[in-house]
Amino acid sequence: MSCTGDSDTVARTKRKVAYIYSPEYIETCDSLSKVPKRASMVHSLIEAYELLDDMSVVKPRMATIQEMAQFHTDAYLEHLHKISQDGDNDDPQSGDYGLGYDCPIVEGIFEYAAAVGGATLTAAQCLLERRCDVAINWAGGWHHAKKDEASGFCYVNDAVLGILKLREKYDRVLYVDVDLHHGDGVEDAFSFTSKVMTVSLHKFSPGFFPGTGDVCDTGLGKGRWHSVNVPMEDGIKDDKYYQVFLSVMQEVRALFNPEAVVMQLGADTMAGDPMCSFNMTPVGVARCMQHVLQWRLPTLLLGGGGYHLANTARCWTFLTGSVLERTLSSEIPDHEVDTHTHTHTHTHTHTHTHTHTHTHTHTHTHTHTHTHTHTHTQETHHYYTLFRCTYTINNRSRANPHTVNNQTNAFASALIYTHCTLL
Ligand SMILES: [Zn+2]
């Protein structure tokens, strides 16, 4: 599909897409997240394909502590704020809040959390105001963070904050998570409500993080049957994954009838990812995403995992092109990744002298000197092509059905049935 058809048709059907970006945001994510420089690699590739021309670029704001407290506890946020000021690694309380090994304590980590949370809130706000049909925050999607605990590289659960923001207008919000890992933080946040349905497709295997997401975990209390878990084993490829995704999502839509969607598109399912588990390609993930987008609901797209940085940049660039219905050449355009450490020196000196020799003399001198120094380094990333790259297919195991306990609810049974017959 490309935008070369009849212009009237294109104008009627073209999605309005908001892309959350500012140089400062990317710089913060580059330096403080557990995936250094990934944010700028993703952005540079999207820019190189000239996809920014077809989206409205929206500058994110920072989340306030009150906004983050819509989900997180005051005690957690206050602790994160305290240790962030000096990068204090020795605070004995940090362990209680999940801070340490997986979620290292570095100076400025609170500002990183506020930036990521704020970016997803900015995206959700664009959707609420109908300024766009689809909003994208590739540097978001930190689905493991709990209300009082950092977990799995996630300090703030921006997905939860985005869902809560959308709930201000939309009664039923659907969360769809195709990251390799179970979206445990988001499921936990909404396990007791029937207003948010969470669907997570993920690897489920003994010892594999976070260990939750069994098919029989379906929600609690009023939220019973509103958590959907689709556990999978290693090796799954595009076609089989899409079959499972399609059958589950058709049931989910028919039974829940969502008014808005948040989709987490973690790219650690890609073949070649250091997680070495699933064998997905961007084409397979895009098919899943397109199935959700064709519902034409307000949709917030988030990133997530993705530890082969170049493959992750490829995947999210391909997905951005797919949202925009643009066909991307496999040949990657020449581009450089700006690492945001610039050296620029600007010196402006203005001198104005006005002399009036009538009844008085007026002399005005204005000198303005502005000096601005950073170090400028640029790196070129060699991607070869968008599709034929470093995907190494993992053949060490195949997808298997997961043992399912007896369920009586028709909804859960339908999902489980389709899940088991497909795998
Ligand atoms: Zn993940």
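## Basis of the model

Buried means under 20% relative accessible area, exposed over 50%, and partly exposed in between (1.4 Å probe, protein chains only). By that rule D179, with a relative accessible area of 0%, is buried.

This is a predicted model: local features need pLDDT of at least 70, side-chain atom pairs count only at pLDDT 80 or more, and totals for chains, interfaces and linings use all residues. Residues are numbered from 1 along each chain as its sequence is written, and side-chain values use heavy atoms, with hydrogens and water left out.

## Zinc site

D179 (OD), H181 (ND1) and D268 (OD) coordinate the zinc ion at 1.9 to 2.1 Å. Donors are N, O and S atoms within 2.8 Å of the metal (3.2 Å for Na, K and Ca); water is not among the atoms, so sites may look incomplete. Along the chain, the donors of the zinc ion follow the spacing D-x1-H-x86-D. H181 counts as buried, at 5% relative accessibility.

## H144

The UniProt annotation "active site", from an unreviewed entry, covers H144. UniProt positions are given in the numbering used here, feature names are shortened, and annotations may be inferred rather than shown by experiment.

H144 sits in the loop between β3 (134-137) and α7 (158-166). Helices (H or I, at least four residues) and strands (E, at least two) are DSSP runs, numbered from the N terminus. H144 counts as buried because its relative accessibility is 4%. Contact means heavy atoms within 4.5 Å.

A nonpolar core is a set of buried Ala, Val, Leu, Ile, Met, Phe, Trp, Tyr and Cys residues joined through side-chain atoms within 4.5 Å. The largest has 119 residues; Y155, L174, Y241, F245 and L265 touch the most other members. Helix α6 (residues 109-128) gives the most to this core, with 14 residues. L174 has contacts that include M197, V199 and W295.

Of the 20 residues in α6, 18 are buried. From first C-alpha to last, α6 reaches 28 Å, close to the 28 Å expected at 1.5 Å a residue. The expected span is 1.5 Å times one less than the number of residues. R130 follows α6 and has a positive phi, near 55 degrees.

## N137

N137 is in strand β3. N137 is buried, with a relative accessible area of 0%. N137 and G303 are 166 residues apart in sequence, yet 6.7 Å apart in space, C-alpha to C-alpha. N137 also touches residues including V116, A119 and D158.

Technical notes: Lists of a residue's contacts leave out its neighbours within four places in sequence.
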